[in-house]
Amino acid sequence: MEWETNIIKRDELYLQVWAKPMRNLAKEYGISDSGLAKICKKLEIPRPGRGYWARKAAGQDVEKEPLPTPGPRTPTQHRVSRWQDPFDHLAMGDEALSLLEREDDASMAISVPNELHNPHKWIRKSAGFLKRNSQSQAKLRNERACVDIIASRSALDRALRIVDTLFKALEERGLKVEITEPVPYAPGKYGGPSSGSPSKTGVHILGTFIKFGIVEGVNITKKEQEPVNYRSNYSYTPASKYNHELNGKLALKIYTSLPGQNRQTWGDGKRQRVEDCLKPFVVALIQGAERSRLDRLERARQQREREEEQKRRQEEARLQELERAKIADLNQRIDNWAHAAKIRDFIAEVEAASYAQGDDTSPETPLGQWITWAKSRATRLHNASLKIEPISKN
């Protein structure tokens, strides 16, 4: 998720408030009706009264209250920030849409029974372990495949019924529920931290394994007096300052980090019970799995773009290097060609001076041999400068 910020100008908001109902306008800004009303009050913008939109829809004449002149301290604009879903521009897949559309059917309601009947195989395997190890349920999953439930004896039966119902509901939707085997903890290499992982409870949706579990809430209260545990005459370790007591309130939690998923917990509240949240929880699982799938596709697309960009840069660098090689070759040919011409001019000057002095330039003489060698050198440079061979493109 990313922050999206909008600047609302006073005169523009005034026109919008009188052009459409507040509830519709508030949705466009991603805020509540009351939040928009507070902004109007802050900017001193009058709002339509009760019955205004009904009278207007009926064709009656309605008056629009004018925008008053702002006071010296009245703001002229307001900044509104909200979470922007980065996946809004990506279309949901047909499979995800089918799963979500099916959840709108009343026949897909999820009801938790008052008693555990014909429990799911994972619930049947885990119930006994959890009841016998109520004080160390978290550690139990390090030793065996066990459903992810942390609850006291008084709340365990209810937690088992909730998870059992959830498992069955997920499988009725064609989704695979799995509880993984724990990976034993072992000392790390060279004495480093130990490695391993406990058993995980989750469901496979749209190619994503989403881990979840149910936990009982804890009330934390401060102790009246800090107790002290003496270890010796010279040192002591203070005990915890707080009491931790399970409160019987259960909460379903998603443990997998899903892109764009804000809500991770569905728990008991003043008016809400976990049993009533199973349907929204399943919808959140499907939406989260689809976001995860879209995120994988988006990351793959970005990776392809990065690879294509890297190839483009490499090709551009190769062509630039080839161009530099061609320029260097051309400059070298020009230098050889010019140097050959200078050698010939110099030989002509030597021959002219030798003739004026009466020196013998026949091929047998040292001077004649030098002139022959110099002319050959000039010819080689000249021919080399004109012998064009294509430079390799690799």
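**Exercise 1. Determine how far helix α8 is enclosed by the rest of the structure.**

Start with burial. Of the 20 residues of α8, 14 are buried, so this helix is largely enclosed by the rest of the structure. Buried means under 20% relative accessible area, exposed means over 50%, and partly exposed lies in between (1.4 Å probe, protein chains only). Helices here are DSSP runs of H or I with at least four residues, numbered from the N terminus.

This is a predicted model: local features need pLDDT of at least 70, side-chain atom pairs count only at pLDDT 80 or more, and totals for chains, interfaces and linings use all residues. Residues are numbered from 1 along each chain as its sequence is written, and side-chain values use heavy atoms, with hydrogens and water left out.

Next, check the length. From its first C-alpha to its last, α8 reaches 29 Å, close to the 28 Å expected at 1.5 Å a residue. The expected span is 1.5 Å times one less than the number of residues.

Finally, look past the helix. G174 follows α8, and its phi is positive, near 80 degrees.

**Exercise 2. Describe the packing of α8 against α9.**

Two packed helices are described by the angle between their axes and the distance between the axes.

Take both values. The axes of α8 and α9 (residues 278–357) come within 11 Å and cross at roughly 50 degrees. Axes are lines fitted to C-alpha atoms, for helices over the stretch in contact, and angles run from 0 to 180 degrees between N-to-C directions.

Classify the angle. It makes α8 oblique to α9. Under 35 degrees counts as roughly parallel, over 145 as roughly antiparallel, 65 to 115 as roughly perpendicular, and the rest as oblique.

Now name the residues. I162, T165, L166 and L170 of α8 meet L278, F281, V282 and L285 of α9. By class, this contact has seven nonpolar, one polar and no charged residues. Ala, Val, Leu, Ile, Met, Phe, Trp, Tyr, Cys and Pro count as nonpolar, Asp, Glu, Lys and Arg as charged, and the others, Gly among them, as polar.

**Exercise 3. Is E103 buried or exposed, and what does E103 touch?**

E103 is found in helix α5. Its relative accessibility is 4%, so E103 counts as buried. Leaving out residues up to four places away in sequence, E103 touches M108, R173, K279, V282, V283 and I286.

**Exercise 4. Examine the positive phi values of E44 and N118.**

E44 is not a glycine, yet its phi is near 60 degrees. E44 lies in the loop between α3 (33–42) and α4 (52–57). At 37% relative accessible area, E44 is partly exposed.

N118, also not a glycine, has a phi of about 45 degrees. N118 lies in the loop between α5 (94–103) and α6 (121–132). With a relative accessible area of 66%, N118 is exposed.

Note on methods. Helices (H or I, at least four residues) and strands (E, at least two) are DSSP runs, numbered from the N terminus. Contact means heavy atoms within 4.5 Å.
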